[in-house]
Amino acid sequence: MHSIRIIARRELAQYFASPIAYLVAFSILVLTGFLFNSDLAQRANSSAPDGTAVLSAFGFFTVFFAPLLTMRLFAEESREGTLELMLTLPVRDGDIVLGKFIGAWVYFSLILALTLVYEVILLSITTFSGVQYSPELDLGPVISGYMGIWLFGGGALAVGMLFSAMTENQVVAGFLSIAALFVLWLGDYAGLVVQNRPVAEVIRTLSLQAHYSTSFLIGVIRFEDVVFFLGLIVCMIFITTRVLESRRWR
């Protein structure tokens, strides 16, 4: 655990020193801020505030921004030769992978935590301002939505980390990660394209959106959805560890 903590702290520190990481955080906050303002203006004096509007968009943005956070995890170190040096240290490959993943997930969690300001604004508006909403903000879907997007982000980061371990080129790692996550996101629409119903159901079962938008985002926390994201994370970490171990034999 000590080595995992050290590696995670190292990765987190590198995020705070990376222009790309700041650009990702800035872009997400600008986009979600614009959507929040637009949704709030449309609903004023007409309908209940929607605390999940930002989270719905955040899920889609994660498909594109998570790979930008993970593409350098292994690809950059492999290109610079520091990964081989790290593999010579008395640290298990699984600890290296887990430490890097935790560092990325913590940074993602910090970005996600910044969006809580939107929920605070909604609460303050419905409680203290003269703008009237009926009914008031429903916190149930907001709480489950944040739990879901946190798990969703973990799964997306794990997928991106795998592709980063498979190539020395950050751009290639980022592109493959975005492509894979986009396909998984669109899996919920498989029934509209695939005529074979059993095949369409299998594809939909693997869809990221099917385990987020139709459950967490509407205030429903289903055990199968939690298991899906945790299973995706564990599976990707396991495969990434095997990929890293294969480098020892090259």
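Among contacts in the chain between residues at least 6 apart in sequence, what percentage join residues at least 24 apart? The share is 76%, where a contact means heavy atoms within 4.5 Å.

The model is predicted: local features need pLDDT of at least 70, side-chain atom pairs count only at pLDDT 80 or more, and totals for chains, interfaces and linings use all residues. Residues are numbered from 1 along each chain as its sequence is written, and side-chain values use heavy atoms, with hydrogens and water left out.

**Figure 1. Overview of the chain, with 12 helices and zero strands.** Helices (H or I, at least four residues) and strands (E, at least two) are DSSP runs, numbered from the N terminus. Along the sequence the pattern reads α-α-α-α-α-α-α-α-α-α-α-α. The chain has 250 residues, of which 49% count as buried; buried denotes under 20% relative accessible area, exposed over 50%, and partly exposed the range in between (1.4 Å probe, protein chains only).

**Figure 2. Ser-144 in helix H8 (residues 139–166).** Ser-144 has a relative accessible area of 2% and is therefore buried. When residues up to four places away in sequence are not counted, Ser-144 touches Phe-216, Gly-219, Val-220 and Ile-221.

**Figure 3. Arg-242 in helix H12 (residues 223–246).** With a relative accessible area of 35%, Arg-242 is partly exposed. The side chains of Arg-242 and Glu-245 are joined by a polar contact of 2.7 Å. Gly-94 is 148 residues from Arg-242 in sequence, yet their C-alpha atoms are 8.6 Å apart in space.

**Figure 4. Val-172 in helix H9 (residues 170–186).** Val-172 is partly exposed because its relative accessible area is 36%. Val-172 and Met-71 are 101 residues apart along the chain, and a distance of 8.3 Å separates their C-alpha atoms.

**Figure 5. Salt bridges, of which the structure holds six.** A salt bridge is a side-chain nitrogen of Lys or Arg within 4 Å of a carboxyl oxygen of Asp or Glu. One network of salt bridges links Arg-10, Glu-11, Arg-72 and Lys-100. In the pair formed by Glu-11 and Arg-10, the N to O distance is 3.0 Å. Glu-11 is buried at 0% relative accessibility, whereas Arg-10 is partly exposed at 31%.

**Figure 6. Salt bridges of Asp-95 with Arg-92 and of Arg-222 with Asp-225.** The closest N and O atoms of Asp-95 and Arg-92 are 3.3 Å apart. Asp-95 is buried, with a relative accessible area of 9%, while Arg-92 is exposed at 61% relative accessibility. Between Arg-222 and Asp-225, the closest N and O atoms are 2.7 Å apart. Arg-222 counts as partly exposed at 30% relative accessibility, and Asp-225 is buried, with a relative accessible area of 0%.

Technical notes. A polar contact is a pair of N or O atoms within 3.5 Å; within protein, one must be able to donate a hydrogen and the other to accept it, and residues adjacent in sequence count only if both atoms are side-chain atoms.
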